[in-house]
Amino acid sequence: ILYPDYMRLVTTPMDLGTVRKLLLSDPSYAGDRFAEGVRQCFGNALFFNSPKEPIHVAASTLLSLFEKEWRKFDDVP
């Protein structure tokens with residue numbers, strides 16, 4: 001394990017591969033549940049990595065981009 005403390009510190013692990021798998025296998029994993037999974041994934045990266053680490057910076061950038069794009073779906077009836 002690359003980061004042995006990860007499972008001890010992160011209480012709700014999530015990764016984009018799992019988000020994808022859930023999205024493809026469970027029709028109810030759409031909309032808000034999908035968004036929660038993406039946010040959990042990036043939130044975990046922000047929590048676990050210090051602000052100066054590249055992973056933290058990338059997660060912050062990707063989360064901001066996701067939120068910007070996700071807001072477009074709020075306008076869809």
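**Aromatic rings and the nonpolar core**

Modeller: Phe73 is exposed, because its relative accessible area is 52% and the limit for that class is over 50%. The model is a predicted one. Trp70, in contrast, counts as buried, because its relative accessibility is 14% and the cut-off is under 20%.

The rings of Trp70 and Phe73 form a pair: their centres are 5.2 Å apart and their planes stand at 45°, so the arrangement is tilted. Ring pairs also bring in Phe34 and Phe66, which form a cluster with Trp70 and Phe73.

Leaving aside residues up to four places away in sequence, Phe34 touches Val19, Leu23, Tyr29, Phe66 and Trp70. The largest nonpolar core has 13 residues, and those touching the most other members are Val19, Phe34, Val38 and Phe66. Helix H3 (32-48) and helix H4 (54-74) each contribute at least two residues to this core, and the largest share, 6 residues, is from H3.

In total, the structure contains 5 aromatic pairs. One of these joins Tyr6 and Phe48, whose ring centres are 5.1 Å apart with planes at 75°, so this pair is edge-to-face. Tyr6 belongs to helix H1 (residues 6-9) and Phe48 to helix H3, so the pair ties together parts 42 residues apart in sequence.

Terms used. Residues numbered from 1 in each chain as written. Predicted model: local features only at pLDDT ≥ 70, side-chain atom pairs only at ≥ 80, totals over all residues. Heavy atoms only, no water. Core = buried A, V, L, I, M, F, W, Y, C linked by side-chain atoms within 4.5 Å. Buried < 20%, exposed > 50% of the residue type's maximum accessible area, 1.4 Å probe, protein only. Helix = DSSP H or I, 4+ residues; strand = E, 2+ residues; numbered from the N terminus. Contact = heavy atoms within 4.5 Å. Phe/Tyr/Trp six-rings, centres within 6.5 Å; stacked < 30°, edge-to-face > 60°.
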